[in-house]
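Q: I would like to learn how the features of a model such as this one are read. Please take me through them in turn.

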Amino acid sequence: MPKVKIGTAFDILTDGGFESGFFYEIYGPSGVGKTQLLFTIAVEGVHQGFNRVYFIDTRGTFRPERIAEIAEARGYNRNDVLTKISVKQLRDLPSFILTIDLLSEEGKELLLLIDTLSDLFYEFPDVGIRYKLGILARNLSLTCIERGFLVVATNGVRYKGNLEPLGSEYTDPYVHVRIAMERDERGNLYAYREGKEEKLRYIIGRGGIG
Amino acid sequence: MEEIYELVLEASRDKEAFKRLQEKLKNLPKEKTLALKIAAKSVSYITNKAKVDVGKVEEVLESVIDERVSDDFDLSLLNFYRWLVKRERK
């Protein structure tokens, strides 16, 4: 099954690349490059064997011109990359849940990038709706293992003694690998895999995450 | 089942153990197999958290079952976490 290497610290954190059959959650505060990481994975995903890449955009963050720039900086043809990426811009929760469900029934070995996983669930004052985040995470987790999907979802953070992914109490049993991205007081960017201590530095450049 | 649950915990930290788990799961029903594979992939950071809250995980799994027509997959995952909660409390 395809594995996506992006040629950075993230290859080390993922034991050699983002792997099909896994559900990854990337979390961190704004401005650390979570969306840039998804763009980079999209570009390399197309180049490394995924014929279909879906980008679920819940925050209006999708930038085709930025993807084109990353593709060119990495020596790929921008049109080849862009034509294989389908974008779904979803700004309401029912559409988001329905679209993920429908995509989960589509074929095999699909690369699904979600920016972001939990935000829409937190727009409602009704806490009960957040349990549906658990169901969504359940379905994504199952789809990865059953159909060989590679799912990478970004998530914001909240402070509960330390920084935690938004809605982690609902997604904990289902996410396979969690990676945190953060910026230190000097402005350096670091990423680490939850449950492991090693922190690795990365940068955001013309070629995406480097 | 306890032996398999222990292997799930080991598999969450070690790739070789994951292969052994896959062998063990071959004779189990598909839903149970999927649930335990997911548990093996996700349980490591749950148990590595500074403040372990597998009880909350159990609550969420129960709520997911409440919302759906529960099937063997959800029940198998819940049973694993119930076992883990008891184990943590010992």
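Q: Which residues have the most contacts inside the largest nonpolar core?

A: A nonpolar core is a set of buried Ala, Val, Leu, Ile, Met, Phe, Trp, Tyr and Cys residues joined through C-beta atoms within 7 Å. A residue is buried if 20 or more other C-beta atoms lie within 10 Å of its own, exposed if 12 or fewer, and partly exposed in between, with C-beta atoms placed from the backbone. Here the largest nonpolar core has 85 residues, and those with the most contacts inside it are Ala42(A), Leu113(A), Val151(A) and Val152(A). This is a predicted model, in which local features need pLDDT of at least 70 and side-chain atom pairs count only at pLDDT 80 or more, while totals for chains, interfaces and linings use all residues. Residues are numbered from 1 along each chain as its sequence is written, and chains are lettered from A and ligands numbered from 1 in the order in which they are written.

Q: Which residues does Leu113(A) touch, apart from those up to four places away in sequence?

A: Two residues are in contact if their C-beta atoms, placed from the backbone, lie within 7 Å. On that basis Leu113(A) touches Leu38(A), Ile41(A), Ala42(A), Val53(A), Tyr54(A), Phe55(A), Ile56(A) and Val152(A).

Q: How many helices and strands are there in chain A?

A: Helices (H or I, at least four residues) and strands (E, at least two) are DSSP runs, numbered from the N terminus. Chain A has 7 helices and 14 strands. Of its 210 residues, 44% are buried. Of the contacts in chain A with a separation of 6 or more, 74% are between residues 24 or more positions apart.

Q: Why does the radius of gyration of chain A agree with that of a compact globule?

A: The radius of gyration is taken over C-alpha atoms, and the globule rule is 2.2 Å times the number of residues to the power 0.38. For 210 residues a compact globule would have a value near 17 Å, and chain A agrees at 16 Å. Along the principal axes, the C-alpha atoms of chain A fill a box of roughly 45 × 45 × 30 Å.

Q: How is the setting of a helix such as α2(A) read, and how many of its residues are buried?

A: The expected span of a helix is 1.5 Å times one less than its number of residues. For the 14 residues of α2(A) this gives 20 Å, and its end C-alpha atoms are 20 Å apart, in agreement. Because 13 of those 14 residues are buried, α2(A) is largely enclosed by the rest of the structure. Gly49(A), which follows α2(A), has a positive phi near 115°.

Q: Which residues are buried in α3(A)?

A: An α-helix has 3.6 residues a turn, so residues three or four places apart point the same way. In α3 (residues 64–73) of chain A, the buried residues are Ile67(A), Ile70(A) and Ala71(A). Seen down the axis, they fall within an arc of 100° (taken from the directions from the helix axis to the C-beta atoms), so they line one face of α3(A). Their cover includes α2 (34–47), α4 (78–82), β5 (85–89) and β14 (208–209) of chain A.

Q: How many residues does each chain bring to the contact between chain A and chain B?

A: Chain A gives 18 residues and chain B gives 19 residues. On the side of chain A, α6(A) gives the most, with 8 residues.

Q: How many helices and strands does chain B have?

A: Chain B has 5 helices and 0 strands, and 36% of its 90 residues are buried.
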